[in-house]
Amino acid sequence: MQPSRNKVIITCAITGSVHTPSMSPHLPVTPDEIARAAIEAAEAGAAIVHLHARQPETGQPTQDPALYAQFLPRIKAACDVVINITTGGSPVLPLADRMAPALRFKPEVASLNMGSMNFGMYELLERFKTFTHPWERPYLESSNDLIFKNTFKDIEHILVSCGDNGTRFEIECYDIGHLYTAAHFVDRQLLKPPFLIQSVFGIRGGIGTHPEDVMMMKRTADRLFGADYVWSVLAAGRKQTPLATLAATLGGNVRVGLEDSLWDGPGELARSNADQVRRIRRILEDLSLRIATPDEARATLGLKGGHAVAF
């Protein structure tokens with residue numbers, strides 16, 4: 001179920017667990033900031049917003065449903081964007097905590113990582129030397145000995161538990177083996193088409209950002225899933241826009257946002273998630289590609305609709 005080459009679904013990842021607040025003054029942290037950023041991204045052209053939460057006082061990643069409850073209804077009331085809640089949360093959180101918001105709020109889409117992996121963020125310490133909060137430096141330093149745990153049992157549990165609520169999945173694949181893990185769950189009929197394969201590039205511990213890496217991921221997914229999947233690409237850091245553009249020219253969809261990259265050009269911090277959406281939208285429209293609306297994304301991905309969520 002590859003999308004038409006002239007219709008691209010833009011996902012915007014609003015705020016994640018990788019970047020700490022000190023790295024950019026523009027990173028949304030409080031529920032009010034996250035709600036406003038998601039609404040602005042939707043107005044700029046994002047069909048899907050991918051959401052994490054943070055502790056308002058410190059910016060520390062959290063999966064506290066009480067914080068999600070402060071921004072999910074506001075986003076839903078303001079626009080018809082598809083809301084995607086993370087089950088990744090943070091590599092340091094236990095699975096039960098990571099799943100809590102998706103289980104409570106029953107979103108149209110939840111992200112789902114397809115394998116355990118090294119998840120190195122420590123190289124950011126070479127660029128950033130000062131931090132505002134005491135948790136930030138140790139969080140990055142410890143990532144040289146960090147395993148992001150996503151076992152077969154974990155994946156099955158998320159597929160069954162969230163799937164029972166009608167939630168579909170953004171299948172995050174950081175390497176070729178993750179595609180084969182997804183195919184394994186297709187064979188077990190726990191993952192059913194149409195499914196969104198989000199190929200992730202540039203995380204230390206996963207596949208790189210060379211164009212050949214992108215092509216290899218696409219060729220493998222095409223061979224494993226045929227017409228049953230929808231392909232999207234996200235790239236970390238400065239490769240975000242180049243690889244998104246490459247993916248779109250190959251008939252794929254794109255993900256941008258401050259979770260994946262704080263930058264909007266060489267040495268220039270992006271001032272908002274909406275700025276990143278507008279930038280990639282401008283590029284795609286210059287390539288004569290049309291931007292999918294939220295309802296078009298729902299139709300492509302077989303989603304249950306915003307009326308069927310629990311917020």
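Contact, on this tour, means heavy atoms within 4.5 Å. Helices (H or I, at least four residues) and strands (E, at least two) are DSSP runs, numbered from the N terminus. Before you click, know that this is a predicted model, where local features need pLDDT of at least 70, side-chain atom pairs count only at pLDDT 80 or more, and totals for chains, interfaces and linings use all residues. Residues are numbered from 1 along each chain as its sequence is written, and side-chain values use heavy atoms, with hydrogens and water left out.

**Stop one: helix α1**

Select residues 31-44, which make up helix α1. The helix has 14 residues and reaches 20 Å from its first C-alpha to its last, close to the 20 Å expected at 1.5 Å a residue (the expected span being 1.5 Å times one less than the number of residues). What covers them?

**Stop two: the cores**

A nonpolar core is a set of buried Ala, Val, Leu, Ile, Met, Phe, Trp, Tyr and Cys residues joined through side-chain atoms within 4.5 Å. The largest one here has 71 residues, and L51 and I75 have the most contacts inside it. Helix α1 gives the most to this core, with eight residues. Zoom in on I75: leaving aside neighbours within four places in sequence, I75 touches A35, A38, I39, L51, V81 and I83. Then pick V18, L146, L234 and L258, which are included in a second, separate core of 22 residues.

**Stop three: the rings**

Rings of Phe, Tyr and Trp (its six-membered ring) pair if their centres lie within 6.5 Å; planes under 30 degrees apart are stacked, over 60 edge-to-face, and the rest tilted. That rule gives eight aromatic pairs. One of them is W135 with Y139, edge-to-face at 5.4 Å centre to centre and 75° between the planes. Next, select F195 and F225, also edge-to-face, at 5.2 Å and 85°. This pair links distant parts of the chain, with F195 in strand β11 (residues 195-201) and F225 in helix α7 (residues 211-225), 30 residues apart. F195 is buried at 3% relative accessibility, and F225 is buried at 5%. Finish with F119, F148 and Y174, which form one aromatic cluster.

Definitions and conventions:
Buried < 20%, exposed > 50% of the residue type's maximum accessible area, 1.4 Å probe, protein only.
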